Amino acid sequence: MIPVNEFRSITSDQNPQFRVLKPWWDVLSEYLAIAMLMIGVLGCTVQLTQEKISCLPDRVTDLSRGDMDCSNLREQKDNESVWDFTITQTLSPNVLEVFGRKNGLDIHQYEFVNHFCYERFVHWYGKYFPYLVVIHSVIFMVASSFWFKFPGTSSKIELFVNILGKCFDSPWTTRAISEVSEERQEERIVTWRKNTMTKCAADDDAVALIQSSVKSDQKTAELKPAGSMLDKKEGEQAKALFEKVKKFRTHVEEADLLYVMYVLQTVLKVFKFVLIIVYSVMLVSNIQVIVICSVPRDLTGFQSFCCIYNKAHLFSKLAYTYICLVGVYGTLCIYSLYWLFHRPLKEYSFEAVRLESGINDIPDVKNDFAFLLHLSDQYDALYSKRFSAFLSEVSESRLRQVNLNHEWTTEKLRTRLSRNASERLELHVFMLPGLPDTVFELAEVEALTLELIGNVTIPDNVTQLTGLQELSCIHTATKLQPAALNHLRENLKVLRLTFDSQDQVPLWMYTLQNLEELHLSGPLNSELSRAPTLDTLRELKNLRALTFRSRLSKIPPSVVDVSSQLLRLCVRNEGTKLQVVSSLKKLVNLADLELTNCMLERIPSAVFSLAHLQELDLRENSLATVEEILSLQHCRRLTALRLWHNHISYIPEHISKLVTLEMLDFSWNKIRRLPPRLCYCTRLRHLDLSHNQLTSLPSEISVLQSLQHLSIAFNSLEFLPDELFSCKRLKVLALGNNSISVLSPRVGNLAQLVRLELKGNRMESLPAEIADCVSLKLTALIVEDSLIDLLPPDVKDKMKSP
């Protein structure tokens, strides 16, 4: 007998994980198919191992008894009688000799007649019924498992059940669901406490009850087992699962091939069911026990034979049993079609899971992904519930946080601490998937920089950073929890934000009441308007410095909200023309103004109204003339004027009116001549005229007795006036990259000189009097090595000595 296990290869049982995609009707249908296959195998075994048919002539010629008709054998068979062709003769009182009628046929003729009658007169359904059962059963089994074998669907199914099993067994699933449950419980407790405090504010018993509940909650938190924490390996495995789920969802949600394949194979089974039922009901009655056979008389001497089909009775019973099983099988297939078309199986909603678990960002899925989840629900709805934790971005961010805390320990972060330009102890967190909680264990941090990090939520434990005064968020969207916001309101002094769109400017920025410096870098223009839009800065009552690095067409109107306390305004416009600056007039207390790369062609007239202005920086603009510089005399406190990196060709004479100037920078322009009246700015301490086209210096330069820093490098000077060396307070003198051939011996008058740059000139020697510059050391003398070698040894020794 053929073992049924030989047919296991055509079913999906080779991979037991596929059972999660078999609803109850598919499981029952599979068992019914096995039962039908067993019927077919049994019939085939009987067909192959037993005699097919036995035949005898239906009319026998005998002179003693005459002719006998065998046409009544059916009635005899029904009456459970036997063929009575025997003759008995009494040999003794107890012995009978029995023998049949002789018909003159040999064994070979009987075999021929049996085969002839079986092939010609037994109905084909009676002969081939077992084989039909086997074929149909195999087709049913193949149709049920075809989508598990088809290359276009088997890979998706195998990947899905693999991911589903890992998600079901992952410790992170339990952790994520339990954490949300704990948070919801804590929220309910907090709400209950608030309500109780509100209703029973004067009730001492109620207050005592709340205090006892707080203590019990703290004890419970302290007694939480450490085993709920994931180790590093489990965290990495869960992280890999999140990536697999994302890729699988992207791949599977694009099409509905699995759904279509399942529908097609179900339709095929229903069609087979109808076909089998129709022809089996019609033909089952043709399985007869008695068969009348007609054989050519010249072959045996007889024309009619009476045959008995000895397997007909068994086959008839098996056929009716088979029809019943097929009927049940077809009913299940019809129910499967009803399930497929009655419900929207291409959409799967996690609404119930969201309500139960509290993870509200679990997305609904569609197409083949949804269909697979519907099938797994028929097996066990717990699978989709645990799987949903790996579809949630909140759950993924929490896992990322756990992995970050494992990777970035407190000791590792402490090695990254350094002093920034403001001499604050800074921690720079760069290109991490999140913000480690261990950051907030470094209580000594004074400045925190978050650069190129995903969505960050600064937690309440930022309050542990008691010394935090500076926060920088560079291309990092940042949110604050309530306690964190209150802490930053009270302690944050400096905030730097770099963003890609105006929508990324956090709203909590406008509530930092103790903020002193705000630096914004990014586009402030909305999509609907070219004008910069910025919410009111009214709450920033302590703001002293404001910086924009953007593409502004005008000063944002909200700057006026802080006009009374703002001391420094910096606009770095990245090559966009700043057209409207009239609002500058309202910044009455402004002391430092920087308008960089704003494509200004003239000094804005609004600047002349700033009576308290002390420093003005207009570098990298398009200034060609500064005739209006005379109006700057209204800025009676102006001490520093920087007009570098422009296109200025000359300096007007009336610059002498700016008598309060202490620092003047005209470097990187096109100035060819220095006006003598410039030297009447007698308070000048720093004068930078480098990178121009000067050919000479006025002799009046000796008037600048307060001058300490003079840079005229990268010009076309050929000689230096002796009056220059009368500026005895000079400490830095930069004369490099000119055409000077001789350095006057009067350089020795500069006793306070600490740095002298002469490299890039045409000098052949240095005067020995350079040794009289007692503060100048050889290391601060920037000149060609050949000129230093020509100095007398005593001069070099004197300049080397400390």
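**Entry 1: the whole chain**

I noted before anything else that this is a predicted model. I then looked up the secondary structure and found 19 helices and 28 strands in the protein chain. Of its 802 residues, 46% are buried. For the accessible surface I got about 40400 Å², with 53% of that area belonging to carbon and sulfur atoms. I also checked the contacts with a separation of 6 or more: 54% of them join residues 24 or more positions apart.

**Entry 2**

Two packed helices are described by the angle between their axes and the distance between the axes.

Helix α1 covers residues 24-49 and helix α4 covers residues 124-149; I read an angle of about 150° and an axis distance of 8 Å. Angles over 145 degrees count as roughly antiparallel, so α1 is roughly antiparallel to α4. I logged the crossing of α1 and α4 as left-handed.

Which residues meet here? On the α1 side I listed Ala33, Ile34, Met36, Leu37, Ile39, Gly40, Val41, Gly43, Cys44, Gln47 and Leu48. On the α4 side, the partners include Tyr131, Val134, Val138, Phe140 and Met141. The residues of this contact of α1 with α4 divide into 15 nonpolar, 4 polar and 1 charged.

**Entry 3: α8 and α15**

Next I looked at helix α8 (residues 232-252) against helix α15 (residues 393-407), where the angle is about 145° and the axes lie 10 Å apart. The crossing of α8 past α15 is left-handed.

From α8, I found Lys232, Gly235, Glu236, Ala238, Lys239, Phe242, Glu243 and Lys246 in contact with Ser395, Glu396, Leu399, Asn403 and His406 of α15. How do the residues of this contact of α8 with α15 divide? I wrote down 3 nonpolar, 4 polar and 6 charged.

**Entry 4: α9 and α13**

My last pair was helix α9 (residues 257-283) with helix α13 (residues 367-379), packed at about 55° with 7 Å between the axes. That angle makes α9 oblique to α13. Leu257, Leu258, Tyr259 and Tyr262 are the α9 residues that meet Asp368, Phe371 and Leu372 in α13. By class, the residues of the contact of α9 with α13 come to 6 nonpolar, no polar and 1 charged.

**Entry 5: Ser54**

I moved on to single residues. Ser54 lies in strand β1, which runs over residues 54-57. Ser54 has 33% relative accessibility and therefore counts as partly exposed. Leaving out residues up to four places away in sequence, I found Ser54 touching Asn114, Cys306, Cys307 and Ile308. I also looked up Ser54 and Tyr118: they are 64 residues apart in sequence, with 9.0 Å from C-alpha to C-alpha.

**Entry 6: Asp437**

Asp437 is in the loop between β11 (425-430) and β12 (447-451). Its relative accessibility is 29%, so Asp437 counts as partly exposed. Beyond residues up to four places away in sequence, Asp437 touches Gln401, Asn405 and Asn461. The C-alpha atoms of Asp437 and Thr410 are separated by 9.3 Å, and the two residues are 27 apart along the chain.

**Entry 7: two asparagines with positive phi**

I checked backbone angles next. Asn597 has phi near 55°, a positive value in a residue other than glycine. Asn597 sits in the loop between β20 (592-596) and β21 (615-617), and at 23% relative accessibility Asn597 counts as partly exposed.

Asn737 has a positive phi too, near 60°, and is a residue other than glycine. I placed Asn737 in the loop between β26 (732-734) and β27 (755-757). Asn737 counts as partly exposed, at 36% relative accessibility.

**Entry 8: Ile740**

I stayed in the loop between β26 and β27 to look up Ile740. Is Ile740 buried or exposed? At 0% relative accessibility, Ile740 counts as buried, since buried means under 20%. Not counting residues up to four places away in sequence, Ile740 touches Leu717, Glu718, Leu720, Leu735, Asn761, Arg762 and Met763. Finally, I noted 8.9 Å between the C-alpha atoms of Ile740 and Gly760, which are 20 residues apart along the chain.

Methods: Residues are numbered from 1 along each chain as its sequence is written. This is a predicted model: local features need pLDDT of at least 70, side-chain atom pairs count only at pLDDT 80 or more; totals for chains, interfaces and linings use all residues. Side-chain values use heavy atoms; hydrogens and water are left out. Helices (H or I, at least four residues) and strands (E, at least two) are DSSP runs, numbered from the N terminus. Buried means under 20% relative accessible area, exposed over 50%, partly exposed in between (1.4 Å probe, protein chains only). Contact means heavy atoms within 4.5 Å. Accessible areas come from the Shrake-Rupley method with a 1.4 Å probe; for residues, only the protein chains shown count as cover. Axes are lines fitted to C-alpha atoms, for helices over the stretch in contact, and angles run from 0 to 180 degrees between N-to-C directions. Angles under 35 degrees count as roughly parallel, over 145 as roughly antiparallel, 65 to 115 as roughly perpendicular and the rest as oblique. Ala, Val, Leu, Ile, Met, Phe, Trp, Tyr, Cys and Pro count as nonpolar, Asp, Glu, Lys and Arg as charged, and the others, Gly among them, as polar. A crossing is left-handed if the near helix is turned anticlockwise from the far one by less than a right angle, and right-handed if clockwise.
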